[in-house]
Amino acid sequence: MFFCLPCRLGSMAAKKLRRAQLSQEMCERLSRYQITTCQDFLCLSLLELMKVTGQSYYEVQKLLCKVSRACAPKMQTAYEMKLKKSVNPSSAFLSTTLHGLDRVLHGGVPCGSLTEITGPPGCGKTQFCIMLSVLATLPVSMGGLDGAVIYIDTESAFSAERLIEIAANRFPAYFDSDEKLLCMTRSIHLYRELTCCSVLKRIMSLEEEVILKKVKLIIIDSVASVVRKEFDTKLQGNLAERSNFLTRGASVLKYLAEEFSIPVILTNQITTSLSSGPGVWADLVSPADDLSLSEVLMPNGVKTLKELLNELRSPQRLRLLVGSYLCIY
């Protein structure tokens, strides 16, 4: 298993128009034309906007300025970014509570970006995600994020029983009653989406849920599963369609991570390369280099999560490569 972080892909234009300071009446009117995001709005011409809004040329110009300002990234200096992290370093990462792994990741899973967890089937990716779900619900004083979790399961691998077992065994002092365990489970919102269409639809609707449910962690386990089932890249047009699906999903997820300063975690599998010599390569199902699954070579073969965590105790075996890709040698 290895981590790729952070993935620099996203678009502030995915922001909902309701959060762009437009009136409720205007948002409802635009929604009737399937115009719900800043991107939808800004892609229309002035004449089209005049038609759907019923506003004059001058009023549409003002609306364009308001929407543009709402989705434009806010400028900040490097000093301000550093100061923000130094004042409250716990808000910059979600600790895994595995000291060796946190040390390698410089504090844990980063907030405000996408993190991809990749490994062969059965190595512990889902178990790791379930553990992170528990951690995100813990109070800040215990290293958690004190919030809810959205868990999108595309392989029907999530286990509520395992969730409770991990919580009770890892934090027996905190989860000392059935009531606390039940409260924790109510904070984890599970969605089983088994098709690309349903996954994308769910991703596009996450912004409101993040706000209403005070979500502090989003997990998609796994983003590649439904893609491999539905898209045969050998067929003409499938590669472009697949890339479009992944680009749209990744753009919204990156926006959510940055806008709400929360970690977004995606899992993926790896497949064995057929080239000469032992090696394991990540399945290339990503939309762009910024989100692509990097190539990793393990001379000693595939390692389980447990074996990897044991090896993390030997710092000399770890190398952080250019591009923020972590490989085990």
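Visitor: Axes here are lines fitted to C-alpha atoms, for helices over the stretch in contact, and angles run from 0 to 180 degrees between N-to-C directions. With that settled, at what angle do helix H3 and helix H4 pack?

Guide: About 100°, with the axes of H3 (residues 46-53) and H4 (residues 57-71) 10 Å apart. That makes H3 roughly perpendicular to H4 (65 to 115 degrees; under 35 is roughly parallel, over 145 roughly antiparallel, and the rest oblique). Helices (H or I, at least four residues) and strands (E, at least two) are DSSP runs, numbered from the N terminus.

Visitor: Where do these coordinates come from, and what counts?

Guide: The model is predicted, with local features needing pLDDT of at least 70 and side-chain atom pairs counted only at pLDDT 80 or more, while totals for chains, interfaces and linings use all residues. Residues are numbered from 1 along each chain as its sequence is written, and side-chain values use heavy atoms, leaving out hydrogens and water.

Visitor: Great. Which residues make the contact of H3 and H4?

Guide: From H3 there are Leu46, Leu49, Met50 and Thr53, and from H4 there are Tyr57, Val60, Gln61, Leu63 and Leu64. Contact means heavy atoms within 4.5 Å. By class, 7 are nonpolar, 2 polar and none charged (Ala, Val, Leu, Ile, Met, Phe, Trp, Tyr, Cys and Pro are nonpolar, Asp, Glu, Lys and Arg charged, and the others, Gly among them, polar).

Visitor: New topic: which residues of H8 are buried?

Guide: Leu163, Ile166 and Ala167, in a helix that runs over residues 160-170. Seen down the axis of H8, the buried residues fall within an arc of 95°, so they line one face of the helix; the arc is that of the directions from the helix axis to the C-beta atoms. On the other side, Glu161 and Asn169 are exposed. Buried is under 20% relative accessible area, exposed over 50%, and partly exposed in between, with a 1.4 Å probe and protein chains only.

Visitor: And what covers the buried residues of H8?

Guide: The cover includes helix H7 (125-137), helix H9 (178-186) and strand E6 (188-192).

Visitor: At what angle do H8 and H9 cross?

Guide: Roughly 125°, and their axes come within 11 Å. That makes H8 oblique to H9. Leu163, Ile164, Ala167 and Ala168 of H8 meet Leu181, Met184 and Thr185 of H9, giving 6 nonpolar, 1 polar and no charged residues.

Visitor: I've clicked on valine 134. Buried or exposed?

Guide: Buried, at a relative accessible area of 1%. Valine 134 sits in helix H7. Setting aside neighbours within four places in sequence, valine 134 is in contact with Leu163, Ile166, Ala167, Phe171, Phe175 and Met184.

Visitor: Nice. What joins aspartate 221 and serine 222?

Guide: A cis peptide bond, with omega about 0°. Serine 222 lies in the loop between strand E7 (215-221) and helix H12 (223-230).

Visitor: What about phi of serine 156?

Guide: Phi is near 55° there, a positive value in a residue other than glycine. Serine 156 is in the loop between strand E5 (148-153) and H8, and at 43% relative accessibility it counts as partly exposed.

Visitor: Last one: where is serine 261 found?

Guide: In the loop between H13 and strand E8 (264-272). Phi of serine 261 is near 50°, positive in a residue other than glycine, and serine 261 is partly exposed at 34% relative accessibility.
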